[in-house]
Amino acid sequence: MTYSLATTSIDNPVSNAGLQLDSHKDISTQQPIRILAPPAELVLPLDQHAGAPAVPIVNVGDIVAKGQPIAKPGATLSAWLHSPVSGTVSAIELRATAHHEGASALSIVIDNDGAETLYADNVPLGNYESLAPEALCEHIARGGIVGLGGAVFPTAVKLTRDDPERTFNLILNGAECEPYISCDDMLMRERARDIVLGAEIMLYAVQAQRCVIAIEGDKPQAEAAMRAALTEAADPRLELAILGTEYPAGGERQLIAAIDQREVPSGGLPQDVGVICQNVGTAAAVTRWIVNGEPLISRIVTVTGDGVQQPGNVEVRFGTPINKLISECGGYTDAAQCLIMGGSMMGLAMPRDDLPVVKGTNCILVASAAELQPRAHEMPCIRCGECAQACPVALLPMELHFHTCSGDFDPLARLGLLDCIECGCCDYVCPSQIPLTQRFRQIKPALIEHLDRRLRAQHYRERFETRNARIATLESDRRAKLEAKRMKKE
C-alpha cells in the first residue's frame, strides 16, 4: 500500500488580525530535552486544572507510591491528581502557588523518599480498542490528563460525546505561537510517535474520522519529525496543516477558523461546530498513560530568557519549585529582572521563585530589562482603533475598556468581553499604554457573577409566575366545582 501524507498550507490563519512577533525560540531549542530529578519536597495544589478543585483521598502520614492517586475529581469538571514520586504525605495545607501569582491554594505536600516505587495498579492498557469509547474516556480521566497547552481543561470531558450520533473532527494544536515558549516544538522533534499514537487513541475515543495536526511554518525540525511519524503510521485519517506565524495563530478559535473554516459562536464551544481541539503535549500524555501506565505526573517546561545561563527545555515532575529548574539551567545571570510563568504575551509575573510547577506551567521566562516592554505612564484613550485592528477575536477593546472603567456589565456582555482570549495584542499596540488585558481579566469574574445573578433572577421569576399560574388554575377549578355543586342543588 502506498501512503500519501496529506498536507495543508495555511498562510493567513487569522486573517488581518493578530501580530507578527519575534519568536525568541532559538535560544531554548539548541539542546535536547533534559530530565530533571525530582526534589526532596513536592507541593501539589488541588486546583491546578479547570473546574472544581480535586478532593484529597490521602491523609497526613500516608505512604504513597509514584503514580498513586492522591486526590479525586471534586465535580464533573475536575481532574484526578497523582503523586509524582514515592514518599510520605507530610502536609495538606494552604501553600503559595504559581498559577495564582503567589496566592495560596490547598495543596498536598509529599516528602520524596527517593525510591521511585511505582504504584502497582497503574498498568498499561494494551489494546485500547478493547474498551468502548466511553470506557476509554473514563480511563483517560483516571490518568489525571488535562490540556497541556495552558487551559488545563480535563481532557476526558472534551472527548466525551453527549450525542453518539454526532461526528467531530479533531485538531491537535502544535502551533505554539507565543514568543519564547518551545516545549511543544521540542516534544514534536523528539517524541513525534507518541503524539501520533495519542491522536489515534483520541480519534477512537471520540469516534472521529479526521485529525489535523497544526504546526507553524517556522518549526522545520518539528515538521520533519511529524511528517516521518505520520508516514510511519500510514493512517489516512491523519494530516498535517502548516500555519502562518501570526500571533495568536495557535488560539483554539483561530485554529478552527483556519483549518475548518468554521466560526465558533460567541459564548459557544468548539464542540458546537463539530470540532475538538487538543494540544500535542496532551496527546503524548495520553500515549504514556495508555501504553506505559504512567499518569500525568510531569511535563516539559521551557526555561528561557536572557536572565538564565543555559536556556533549554526540561522535563519536570509537578510540585517541583521553579528555582530548581533555573538551577538545572545554570542559574540566573546578572541581567535577570523579572520572573514570568508563561510567555511574554500571556504570562504571569511571579513574586518569588520557590513556587511549584503545576500542570499548566509550560514556560519559565527569566526576562532581562531589554526583553521587557517598558510601560510608560498611562494616557487617555485616543480612539485610534489600533486595538480593534489587532484583536484576533474581532472585539472592540476601546469600547470594552470604556465600560470596564464604568462597571457597566450589560454592555460588556453585549460587546462580548467573555470572548476575549486575553492574548495581549491590544496591550501591545496601544499607544496610550493602557493595560487593557489586565483590566479585562480582572472584571471578568464580576461579569460572570452578574450574568449568573441575572439568570438566577430569571429562573426565580419563572418559578414564581409558574406557581401563581398553578394557584390560579387550582382556584379556578375549585370555584368551578363549587359552582357545579350549587347548580346541582338548585
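What we have here is a predicted model, in which local features need a pLDDT of at least 70 and side-chain atom pairs count only at pLDDT 80 or more, while totals for chains, interfaces and linings use all residues. Residues are numbered from 1 along each chain as its sequence is written, and side-chain values use heavy atoms, with hydrogens and water left out.

First, confidence. The score called pLDDT is the predictor's confidence in each residue, on a scale from 0 to 100; over this chain it averages 92, and 96% of the residues score at least 70. Where pLDDT is low, the predicted coordinates should not be read in detail.

Let me turn to the interior. A nonpolar core is a set of buried Ala, Val, Leu, Ile, Met, Phe, Trp, Tyr and Cys residues joined through side-chain atoms within 4.5 Å. The largest one here has 90 residues, and the members that touch the most others are Leu172, Ile195, Met226 and Ile364. Which helix gives the most to this core? That is helix H4, residues 192-206, with 10 residues; helices (H or I, at least four residues) and strands (E, at least two) are DSSP runs, numbered from the N terminus. Met226, leaving aside its neighbours within four places in sequence, is in contact with Met188, Ala192, Ile195, Val196, Ile213, Ile215 and Leu240.

There is also a second, separate core of 17 residues, which includes Val393, Leu417, Cys420 and Leu447. Leu417 sits in the loop between H11 and H12, and with a relative accessibility of 0% it counts as buried. Beyond four places in sequence, Leu417 is in contact with Leu400, Leu412, Phe440, Ile443, Lys444 and Leu447.

Next, helix H1, which spans residues 133-142 and in which Pro133, Leu136, Cys137, His139 and Ile140 are buried. Why do they lie on the same side of H1? They cover an arc of only 160 degrees around the axis, where the arc is that of the directions from the helix axis to the C-beta atoms. The elements that cover these buried residues include helix H2 (155-159), H4 and helix H7 (280-292). Just after H1, Gly144 takes a positive phi of about 70 degrees.

A word on strands, two of which pair if DSSP finds at least two bridges between them. Strand E4 (residues 55-56) and strand E6 (residues 69-72) pair in the antiparallel sense over 2 bridges, and E6 is joined by 2 bridges to strand E7 (residues 81-82), again antiparallel. Ala71 takes part on both sides, as the bridge partner of Pro56 and standing opposite Leu81 in E7.

Finally, the charged pairs. A salt bridge is a side-chain nitrogen of Lys or Arg within 4 Å of a carboxyl oxygen of Asp or Glu, and a search of the whole structure finds 28 of them. In one of these, Glu116 pairs with Lys66, the closest N and O atoms being 3.2 Å apart. Glu116 lies in the loop between strand E9 (104-112) and H1, and Lys66 in the loop between strand E5 (63-64) and E6, so the pair ties together parts that are 50 residues apart in sequence. Glu116 is partly exposed at 27%, whereas Lys66 is buried at 17%.

Another joins Glu422 to Arg441, with the closest N and O atoms 2.9 Å apart. Here Glu422 is in the loop between helix H11 (409-414) and helix H12 (425-429), and Arg441 is in helix H13 (residues 436-489), so parts 19 residues apart are tied together. Glu422 counts as buried at 19% relative accessibility, and Arg441 as partly exposed at 30%. Arg191, Arg288, Glu294 and Glu315, in turn, are linked in a network of salt bridges.

Key:
Buried < 20%, exposed > 50% of the residue type's maximum accessible area, 1.4 Å probe, protein only. Contact = heavy atoms within 4.5 Å.
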